[in-house]
Amino acid sequence: MTTSASGSASTSVEWSVNVTVIDHNGTSKPFMRVFRNFRDVCDDYALPPVTDLLELASTLVAVRSESLDEARLADLVEENLRAQPHLDVHRHRENVVARTVLDRPMRLIIAGHLDTVPANDNLEARIVGDRLYGLGACDMKGGLAAMFQTAMDVVEPAVDVTYVFYSAEEIAAKHSGLLQLFEERAELMGGDAALLGEPTSAMIEAGCQGTMRARVTFLGERAHTARPWMGRNAIHRLREVLASLDQYEGRRPVIDGCEYREAIQAVFVEGGVAGNVVPDSATVTINHRFAPDRTAEEAEAHLREVVGECDDFEVTDMSIAAMPSLTHPLLRTLADRSGLEVRAKLGWTDVARFAAYGIPAANFGSGDPTLAHTRDEFVDRHEIETVHAALCDLLRHSPDLG
Ligand SMILES: [Zn+2]
């Protein structure tokens, strides 16, 4: 597949980019470039020709952007998008929002996070054949490359588009760039549907499962272990709950043709007083992954039922699920026109945040999701090209609103 430069990108607009690149030795290299046009590049770190999406992704990997250190990558994205006359570009903290303003009847949000997890001896961007290795290659600089190039290429989309490049997805929600935008720049975040470029092996992964954690405590009575009949062992009381978790078979509900798969797992156990004391308290922390046909309240009620009798049940964490919303015309059009496989998202993603703001969303990006956060993560050229081609095609064809 080949892509072509947009008309605006090939005119001789001049602009400059100030970027500091940290290479794989950790050496910081500040530099400033002036591009005559998007193709006019001549440096290792300059943006590659628009036809090579793997090269573009490798440039994005070369600009280090671990969580809370995304400024350089945000600068690079912002400067290049600002040079596109068809985009209205905003910077808010380390987030970049670029919008078309064409007064179309619908608006699609295409979003991706700029940050990566911490480096694990994998900072170097390395291309072997048609495969790119390096920190963030899979999660999610391949997806960012597809999204960035789509923003460059589709000058007159059939629906309005908002491209959202945001910070701090890989760490606690209080840092989330996406939440900063929804809470502080809500006027930029309106839309009818959203696509999130998280790795999905270039399939459409609809909605997402919810996740909750609860601490469940069982009490007993202390006694000397030489005379255990005088007390009650709280750790032994875990037996029943652990047995029911072990035997638990989650539902597999099918929603909009996507099969979800619920799960309940014990993830932490605490208890014990001393080597010669019958323990009087034991706590098991349980993670419940639930399908989008359950609300938060229903998920909690179900977990309480599975746990049965206990002395304390405390919900410590709750993230709601998101419905697949595949009946939405924009998401339906993507699935129909691309012919790509559609399946359920079993993990939790920012799709749920869009859903919480009333925007139906799906995950669609390059890279195998099981490689995310691993040292040897990689992305393949054909997946980036597939995502880019499908996004461009979707934007060039108005959905059937009937
Ligand atoms: Zn990600």
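Which residues of the largest nonpolar core touch the most other members? This is a predicted model, so please hear what follows as computed from it. The core in question has 94 residues, and those touching the most other members are Ala57, Ile110, Ala145, Phe165, Ala194, Val351 and Ala361. Helix α4, residues 137–153, supplies the largest share of this core, ten residues. Domain 1 (7–207 + 322–396) and domain 2 (210–319) both give residues to the core, so it lies between them.

Let me stay with α4.

Next, the packing of α4 against helix α10, residues 381–396. The angle is about 35 degrees and the axes are 9 Å apart. The crossing is right-handed. On the α4 side we have Gly142, Gly143, Ala145, Ala146, Gln149, Thr150 and Asp153; they meet Glu383, Ile384, Val387, His388, Leu391, Cys392 and Leu395 of α10. By type, the residues of this contact are seven nonpolar, five polar and two charged.

Last, glycine 367. It sits in the loop between β18 (361–364) and β19 (378–380). Is this glycine buried or exposed? Glycine 367 has 30 other C-beta atoms within 10 Å, and the cut-off for buried is 20 or more, so it counts as buried. Residues up to four places away in sequence aside, glycine 367 touches Cys138, Asp139, Met140, Gly142, Gly143, Pro199, Val379 and Glu383.

Conventions
Residues numbered from 1 in each chain as written. Predicted model: local features only at pLDDT ≥ 70, side-chain atom pairs only at ≥ 80, totals over all residues. Helix = DSSP H or I, 4+ residues; strand = E, 2+ residues; numbered from the N terminus. Buried ≥ 20, exposed ≤ 12 C-beta atoms within 10 Å, placed from the backbone. Contact = placed C-beta atoms within 7 Å. Core = buried A, V, L, I, M, F, W, Y, C linked by C-beta atoms within 7 Å. Domains from an automatic or database assignment. Axes fitted to C-alpha atoms, helices over the stretch in contact; angles between N-to-C directions. Left-handed = near helix turned anticlockwise from the far one by under 90°. Nonpolar A, V, L, I, M, F, W, Y, C, P; charged D, E, K, R; others polar.
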